Amino acid sequence: MTAIGALGAVTANVRPVKPRQRGKVVATLLVLAAITVWAGLGVQIDLPEIVANFSNAVGNVVQLTQPDYGFFPKTIPALVETVDMAVIATVIGSAISLPIAFFASRATNPNTWLLMGLRFVMNLIRSIPDILLAAILVAVVGVGALPGIMALVIFNIGIIVKLVSEALDGEDTGPHEAALAAGASWLKAGRSAMLPQILPAYASQVLYTFEINIRASTVIGLVGAGGLGILIDNVRSFFRYHELSLIILEILLLVVLLESFSAWLRKRLI
Amino acid sequence: MAGTLTDTSSAPSLTNRPDKPVSWPSRLLWLLVTGIALAAYFSAKLDISALADFPAQAWKYLLLMFAPPNWGKLGEAFTAMVLSVQMAWIGTLLGIAVSFPLSFFAAAPLAPRWISWPLRGVFAVLRAVPEVVTAILILSVTGLTPFTGALALAVGSIGNLGKWGYETFEAVDRGPLEAVRSTGSGAVGLMRWGIWPSASAELLSLWLYRFEINVRASAILGLIGAGGIGKMLSDNVQFRNWDAVGMLLLVVIVVTMIIDQLSGAVRHRLIHGRWAVPFSTARRRPRSSKLPVEVPA
């Protein structure tokens, strides 16, 4: 092993000294351990309680392993509604996000204030969990699939705009400048010079969003926003574990099937 | 193919451009997508009339929530949010503790197929179940406590981190791995010296990223009664205390954004070897196996 010294002289068998980081590592670990103890106290990890509960719980667990397949016909409308919500939200959300993404990227929007403002709003939207949004929208527009779709659309705009505008940031702006120099409007320059470049990334993001939506739309009904979640809430409050287990099985199949389909499609796109 | 060109016998002129070729597969795909979207729209039987006065309604509720929010609830809301963050932290740690060793057994260069493939299946199933559903299952055993929420987050994290883990291990350069193997090292040595040095930065940053996800998810878990900010929110929405809801939302947004920025800064340090000023960078979603792993200078 040879090392090159600071002045370029090659000296044999002299390795550079490894920088000492032990102090830093120990300090970091101590801080992490402190946070963990603090969090553990807050969460009230109570193992004896769990052991005591477990004997009661065995019955529930046994019920959960035996899905009630006779319940299936009654779940079909909710199942369809779940998929409907995800599809509609994906279509509307991705349609609204595309133009906004152009305003949220430095490559296509020279106005710093508009850019920062938009990005801030998108950060804001993404930090509100979709189910919380749905819970509020249910109170505003009433129970049903509509508030669920609206919550998903709002959340989708947050994600797609972020990811697509970052894709735009990374693209070559040469064609865009050329189009502008040739006298194109911002709209036309973006449409003909930038859009084709990000189309595969955009399509892949839309599919990714669809996966998120499928997952979210299965549980968003817990707050009254349509789909399988409403059923979960019903059977849960009556402790019908056989039926609950069937619903969970359906969610599992739905998510795994649609996700692997979408993942396959995404792989083909890129 | 139907890619028709304009008349080629005429003299070429600037205005006479060839037509764009028609791609039938893509047309069919668009037709299919449109069909599915329309079918979904009509089968959902939405009551669109509710949307007509939505802008007015939304404005009314925004005013109710934020003009002004109930500042008296700030302390209570903050305490609840702290509990949510604690749930997320414990959930993430438990998830790491289980998924980290398992993901070694799911990585192709390290484990035989009869172990790695079933493990990957388990990760996939765990990822497919939403955390809320996991929480409903677990609470039949543990009862409604914040710890239930943490456990549910841990289960979700195992699926997610397990996958990221083995993907990271597989993306590692095979050179050091072979070098360590050639010294006659055992399995533990392979992991410690062949894989960990090149995978650690990315893996740590993925762990942090999962913590960010869990902070968001823990707010949701409160809705089914697992405690934290979500419980307080659903209670206040039910009783229509809109000014309290506004305060809670503010706390959720501010705390989530602060944690995102802090964690994002640490992840940037881990991956790029230097600190970045928070709020100044456009962060990318970490894509496992695509992140450049740089050795800190």
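The following questions and answers walk through a predicted model.

Colleague: What should I know about numbering and the model before I start?
Modeller: Residues are numbered from 1 along each chain as its sequence is written, while chains are lettered from A and ligands numbered from 1 in the order in which they are written. The model is predicted, local features need pLDDT of at least 70, side-chain atom pairs count only at pLDDT 80 or more, totals for chains, interfaces and linings use all residues, and side-chain values use heavy atoms, with hydrogens and water left out.

Colleague: What separates the centres of domain 1 and domain 2 of chain A?
Modeller: Domain bounds come from an automatic or database domain assignment. Chain A has domain 1 (21–65) and domain 2 (68–269). Taken over C-alpha atoms, their centres are separated by 33 Å.

Colleague: Which residues touch the most other members of the largest nonpolar core?
Modeller: A nonpolar core is a set of buried Ala, Val, Leu, Ile, Met, Phe, Trp, Tyr and Cys residues joined through side-chain atoms within 4.5 Å. Buried means under 20% relative accessible area, exposed over 50%, and partly exposed in between, with a 1.4 Å probe and protein chains only. The largest core has 108 residues, and the members touching the most others are V132(B) and I229(B).

Colleague: Where does this core lie relative to the domains of chain A?
Modeller: Domain 1 (21–65) and domain 2 (68–269) of chain A both give residues to this core. It therefore lies between them.

Colleague: How many residues does the second, separate core have?
Modeller: Its members include I96(B), F123(B), L161(B) and Y209(B). The count for this second core is 21 residues.

Colleague: At what angle do helix 4 and helix 6 of chain A cross?
Modeller: Helices are DSSP runs (H or I, at least four residues), numbered from the N terminus. Axes are lines fitted to C-alpha atoms, for helices over the stretch in contact, and angles run from 0 to 180 degrees between N-to-C directions. The axes of helix 4 (residues 112–126) and helix 6 (residues 145–170) of chain A come within 8 Å. They cross at roughly 135°.

Colleague: Which word describes how helix 4 and helix 6 of chain A lie to each other?
Modeller: Angles under 35 degrees count as roughly parallel, over 145 as roughly antiparallel, 65 to 115 as roughly perpendicular and the rest as oblique. Helix 4 and helix 6 of chain A are therefore oblique.

Colleague: Is E211(A) buried or exposed?
Modeller: E211(A) sits in helix 8 (residues 186–219) of chain A. Contact means heavy atoms within 4.5 Å. Not counting residues up to four places away in sequence, E211(A) touches E259(A), S262(A), A263(A) and R266(A). Because its relative accessible area is 9%, E211(A) is buried.

Colleague: What is the relative accessibility of H268(B)?
Modeller: H268(B) is in helix 11 (residues 242–272) of chain B. Not counting residues up to four places away in sequence, it touches G273(B), R274(B), W275(B) and A276(B). H268(B) counts as buried, at 18%.

Colleague: Is the peptide bond from A67(B) to P68(B) cis or trans, and what is its omega?
Modeller: Most peptide bonds are trans. P68(B) lies in the loop between helix 3 (54–66) and helix 4 (74–105) of chain B. The bond from A67(B) to P68(B) is cis, with omega near -10°.

Colleague: What is phi of R240(B) near?
Modeller: R240(B) is in the loop between helix 10 (229–238) and helix 11 of chain B. At 43% relative accessibility, R240(B) counts as partly exposed. Its phi is positive in a residue other than glycine, near 55°.

How values were computed:
Helices (H or I, at least four residues) and strands (E, at least two) are DSSP runs, numbered from the N terminus.
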